[in-house]
Every structure is written in structure tokens, then in C-alpha cells.
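Hello! Here is the structure I promised to pass on to you. Please open it beside this email and follow along as you read.

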Amino acid sequence: MERLIEKWQDKISEVTIGAKKPIKIGGETGIYFIDGEDKCPNPPRVAMEVWDMDPEAWPEALRSSFGKALNDPVEWAKLCADKFSADLICLRLASTHPDTKNTSREEAGKVVENILKVISVPLIVIGSSAPEKDNDVMAYCANVAKGENCLFGIATQNNYKTLAAACLSSGHSIISEAPIDINIAKQLNILICDMQFQADRIVIHHATGALGYGLEYTYSIMERTRLAGLSGDKMLSMPMINFVGQEAWRTKEAKTGQKDTGVLWETATATAYLNSGADIIVMNHPKAVEEIKKTVHRLKA
Amino acid sequence: MFLIGERINGMFKDVAKAIKEKNKAVIQALALKQVSCKANALDVNVGPASGNPKEAMEWLVKTIQEVTDISLSIDTTKQDVMETGLGICKSRPIINSVNANEEKMKNLFGLAKKHNASIIGLTMDKAGIPKDSEGRMELAMKLVASCVEYGIDASSLYLDAVILPVNVAQPHAKEVLRTIRDSKMLADPAPKTVLGLSNVSQGSPAQYKNLINRTFLAMAIANGLDAAILDVTDKELMDSLITAELLMEKQLYCDSYLEAYRKK
């Protein structure tokens with residue numbers, strides 16, 4: 001019997017991240033993991049999250065994997081890249097938030113610089129979700145990392161100009177985020193492109209919901225985005241990213257469940273997003289990272 | 001929607017003059033302007049006044065293809081002029097047009113097969129243009145049947161229900177709209193539909209032409225129109241088109257949807 005294979009008219013843009021050992025994400029001309037249709041030159045990648053301060057609220061089941069490295073972002077990043085085989089490192093500048101340590105942009109810049117010295121995998125840098133402070137810190141750090149071709153985030157509809165300008169002048173790509181709203185996602189990408197930003201330097205984040213906490217909303221919006229992108233909508237034909245670790249480990253189940261519940265929660269959430277078209281999954285637990293890398297390998301085979 | 005730019009037509013004075021004087025710059029500027037306005041193909045018609053239409057067609061096609069490889073819609077009623085045009089097209093051409101007259105169908109579907117061309121089929125025959133949708137559908141059916149008979153995929157056929165000027169043939173507009181909607185049922189996959197849009201406002205006062213065109217286009221899009229021969233350089237017309245397609249959910253909404261369409 002003849003198999004019906006969908007032929008898409010367009011492709012997802014290919015974004016290159018990193019300078020020493022650059023990786024490519026995106027470039028799909030079909031849907032991931034559909035036998036016969038999957039013409040995806042670049043497999044989904046796993047980034048591991050590193051903080052510039054001790055993430056005290058993390059459950060012990062997660063903290064125990066990193067030990068003392070939690071107090072030293074450079075060691076932590078090295079551990080993730082070397083021992084846990086992270087494809088990318090995602091540095092969260094949590095300490096710069098006015099409600100945490102309110103560290104200065106110079107201190108943040110130093111961390112970025114030191115991490116870049118010791119890792120060869122590409123770096124993602126995200127702020128502390130304090131918009132005003134982020135603008136100051138991220139613009140500074142983008143300049144510190146000039147030439148390293150990082151991925152910076154997170155641009156939102158109300159706050160994208162400073163970050164986009166900084167990325168533009170320092171040669172980085174950008175994460176554009178809309179809160180589970182495909183129309184705003186498209187609008188934001190247009191606004192960013194209006195600043196002479198190239199469409200193939202944008203990675204979309206639709207917000208991430210963990211399993212049991214809104215996963216299906218993000219999942220279906222990611223599917224719609226990918227289908228629109230493959231059907232020729234240039235303003236939605238970008239690769240997508242999910243911050244799975246932070247969401248999975250925030251759940252009641254991960255925090256209070258049995259020893260492995262958090263790992264399972266993170267793995268299950270990430271697996272779902274792989275199937276909805278995620279190109280980068282940011283994760284926390286080394287065991288969950290290992291499982292997801294195996295899953296990608298199995299699904300591609 | 002598949003857009004065929006109408007401007008390179010000897011009915012327009014600037015084009016007629018350029019053909020006569022062999023002024024390449026005028027034609028090439030018109031071609032590039034239409035391409036930049038998102039035309040998917042360009043109609044090429046030497047016009048009624050040309051003394052040697054075959055030579056004029058060859059010159060037009062070659063002149064256009066010096067600056068763009070876009071698909072061309074060879075627009076002529078003369079078989080030899082059609083053959084000349086089709087023979088030198090670099091990209092997949094469009095035959096504009098055939099009607100439901102047996103001899104015409106035999107000749108032009110044969111040419112479509114030979115040149116791997118798409119073809120615009122007018123729902124008219126020797127007896128003229130039917131006055132209602134039923135008559136048009138009958139001819140549309142004939143066109144679809146012949147198309148299959150000559151080994152051409154029905155999806156390469158664009159049915160044109162032939163809109164007449166509203167100032168002299170007012171009852172036709174609603175019949176054309178019905179034909180556009182109903183012709184989707186003639187085959188699976190459905191034949192495509194096309195309109196030579198500007199004809200609807202032919203003869204109306206200059207200040208209303210564009211308004212009539214864009215209003216009718218929006219109505220036709222609501223009835224499922226797939227393609228149109230139109231003035232892609234008319235910004236308000238294009239804005240209406242983009243908006244009508246948006247309302248038909250052909251593209252995802254965002255506040256800058258006009259800009260998004262033009263970025264495609």
C-alpha cells in the first residue's frame with residue numbers, strides 16, 4: 001500500500017550557535033520522527049542549566065547530582081559539558097535579580113567570560129526575569145561575549161528592543177518569547193525582524209508547561225507553529241526551545257515525590273516536547289539528560 | 001493565493017508604445033515591479049494593435065526573461081503566437097487561455113501537455129458566455145473532462161468563470177461567485193479557480209475602478225478563489241486581498257499581518 005508522505009513547501013530556518021564548536025539547530029523540512037517525512041538535518045539538542053548562584057530552592061534529588069559545583073558556575077558548567085555531555089550550556093543569571101543578590105552587570109559579565117573560557121560547547125545566556133535589570137545586564141554580557149555567537153534571552157513583546165540591539169551589535173542569536181499565544185509570537189518576530197534582525201537568528205519560546213501543568217497548551221501551540229512554518233509562514237519558521245528542567249523541578253511531584261519522581265517528570269515532559277518540534281531542550285538532571293539523548297537517538301534510528 | 005500580474009499587456013498604452021519602439025527598459029521595469037509586489041507569475045499579452053504578434057511575443061518573453069525567471073502566462077488567442085511564447089519560457093508557463101470549444105481544447109490541451117504548462121480554462125464556448133452559473137458549470141465540467149482526456153492533471157487547470165463588466169452585465173457577478181464555489185466539486189483534487197479581475201470594472205468611471213476590483217476580489221476569495229490576474233502594484237487591492245485571506249484563515253493573524261504577508 002502506498003504511504004502518504006506530506007510534502008511541505010517550506011523549511012525551518014537553520015540557526016548556528018557557538019564559535020569554538022558551533023552547532024546547528026532547525027533546518028527541518030518535515031516533522032521530527034515521522035518515518036519517511038523526517039528530513040531534519042539537525043537533531044534536537046539538549047542544553048543543561050547552570051546558575052550563577054546556588055539554586056537553594058532546588059530539591060535535594062536534583063542538587064545531589066552537582067555537589068559543590070552548585071556554588072561555582074564555572075565548575076558547574078564544566079561538569080555539565082564534560083561529564084554529562086550537554087550539547088549546550090544555558091547560563092541563568094539568577095543572582096542579578098534585585099530580589100536575590102542584585103549582583104552587578106560587571107559581576108555577571110565576569111561569569112559569562114569565565115565560563116566561555118572553560119567550555120567549548122555553545123552558550124545560552126538568560127537573565128533573571130527582572131525586565132529593567134535584565135536590559136542592563138544582558139546588554140553588557142552580550143558585549144562581553146562578542147564574537148562567541150551565543151543565544152541570548154529572553155525577548156518579550158514588551159521588552160525586546162534593548163536585547164535585540166545588543167545581540168545585533170555583538171553577533172548573537174535571540175530567544176523570542178510569547179506566553180502561549182501564537183499570534184503574539186508571530187508579531188514579536190516581525191518586530192524583531194524590523195530591527196534588521198535576520199530571521200535565522202531567532203529561536204522561539206512559547207513558554208513551557210510541565211507535565212500536568214499546562215504541557216498540552218504549549219505542545220499544541222508548538223505543533224501549530226511548526227506546521228505554519230513548514231507551510232510557508234516565514235515569521236513562524238524558526239527553531240523552538242523549551243525550558244523543561246525549571247518547570248519539571250518546580251512541580252509538587254518533583255519536590256515531594258520519591259527519589260526518582262523528578263527525573264521521570266523531567267524526562268516525560270522533555271519527551272513530549274521533542275515530539276512537538278522542540279529543537280533545544282534546556283534540562284536540569286543529568287539522568288534525565290541521558291534518557292532524552294537516548295530517546296532522540298532511538299527515535300532517529 | 002496565486003497572483004498573476006496583469007501589467008504587461010499591449011492594451012496599456014505604455015506597453016504598446018514600448019513594444020512598438022522595442023524599449024526593453026519599460027517592460028523590464030514593469031516585470032521587476034510586479035515581482036517585487038509578490039506576483040507569482042506575469043501575464044504577457046502583445047495587445048490588439050501589434051502588426052506582428054508572433055515577433056512581439058517573442059521579444060516580450062525574451063525581454064522579461066533577461067531580468068527574471070518567474071513563470072509567464074502567455075495570453076493570446078492565436079495558436080502560433082501561443083506556441084512561440086511557450087517554446088521559449090524558462091519556467092513552467094501558463095496557457096491563457098482555452099475555452100470549452102472542442103477544437104480549441106484539442107489544440108491547447110495538446111500544447112499544455114507538450115510544454116508541461118498550467119492552463120486557464122474559460123467557461124465559454126462558440127455560443128459565448130452563459131448567463132448563469134449552471135451554464136458556466138456545464139462548460140467547466142467539459143473543460144475538466146477534456147483535461148483528463150488529454151492526460152493533464154486537473155490541478156494544472158485554472159477555471160475562469162469569466163467576469164463581465166458590472167456596468168453592462170450586472171447579473172453576472174453573483175453567478176461567477178457561485179461558479180467559483182461550486183466548481184470545487186467537479187474533481188478531486190479540485191480544479192483551481194482564477195479570475196481576470198479588472199474586467200469587472202471595465203468601463204466604470206476611473207475613480208471607482210479600484211474600489212470595484214478590490215470589493216469583488218474579497219467576495220471571490222470568500223467563495224474560494226485560488227488565483228487572480230490582477231494589478232499587483234495596486235496597494236489597496238493587495239491589502240484587501242491579504243485581509244480577505246486572513247479572514248478565510250489562510251494565514252495566521254498577528255497585528256502586523258500585512259507586513260508579515262509581504263515578508264513571505
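Below is what I found, starting with the place where the two chains meet.

Please keep in mind that this is a predicted model.

**Where chain A meets chain B**

The contact draws on 14 residues of chain A and 10 residues of chain B. Together, chain A and chain B bury about 970 Å² between them, and carbon and sulfur atoms give 58% of that area.

Six residue pairs are in polar contact across the interface of chain A and chain B, counting pairs with both residues at pLDDT 80 or more.

Which helices of chain A each supply at least two residues of the side that touches chain B? They are helix 6 (182–194) and helix 7 (215–230). Helix 6 of chain A gives the largest share of that side, with seven residues. Sorted by class, the side of chain A that touches chain B holds six nonpolar, three polar and five charged residues.

**Two helices packed together in chain A**

Next, look at helix 4 (residues 131–144) and helix 5 (residues 161–170) of chain A, which pack at an angle of about 5° with their axes 9 Å apart. Angles under 35 degrees count as roughly parallel, so helix 4 of chain A is roughly parallel to helix 5 of chain A. From helix 4 of chain A, the contact uses N135(A), M138(A), A139(A), A142(A) and N143(A). Helix 5 of chain A answers with T162(A), L163(A), A166(A) and S170(A). The residues of this contact between helix 4 and helix 5 of chain A divide into five nonpolar, four polar and no charged.

**Some backbone details in chain B**

Most residues other than glycine have a negative phi, and most peptide bonds are trans.

- A cis peptide bond joins N96(B) to S97(B), with omega about 15°; S97(B) lies in strand 4 (residues 94–99) of chain B.
- D188(B) and P189(B) are also joined by a cis peptide bond, with omega about 0°. P189(B) sits in the loop between helix 7 (172–182) and strand 7 (192–196) of chain B.
- N116(B), a residue other than glycine, has a positive phi near 50°. The loop between helix 5 (102–115) and strand 5 (118–122) of chain B is where to find N116(B).

Happy exploring!

Terms used. Residues numbered from 1 in each chain as written. Chains lettered and ligands numbered in written order. Predicted model: local features only at pLDDT ≥ 70, side-chain atom pairs only at ≥ 80, totals over all residues. Heavy atoms only, no water. Contact = heavy atoms within 4.5 Å. Buried area = accessible area lost by both parts, 1.4 Å probe. Polar contact = N/O pair within 3.5 Å; in protein donor to acceptor, adjacent residues only side chain to side chain. Helix = DSSP H or I, 4+ residues; strand = E, 2+ residues; numbered from the N terminus. Nonpolar A, V, L, I, M, F, W, Y, C, P; charged D, E, K, R; others polar. Axes fitted to C-alpha atoms, helices over the stretch in contact; angles between N-to-C directions. Parallel < 35°, antiparallel > 145°, perpendicular 65-115°, else oblique.
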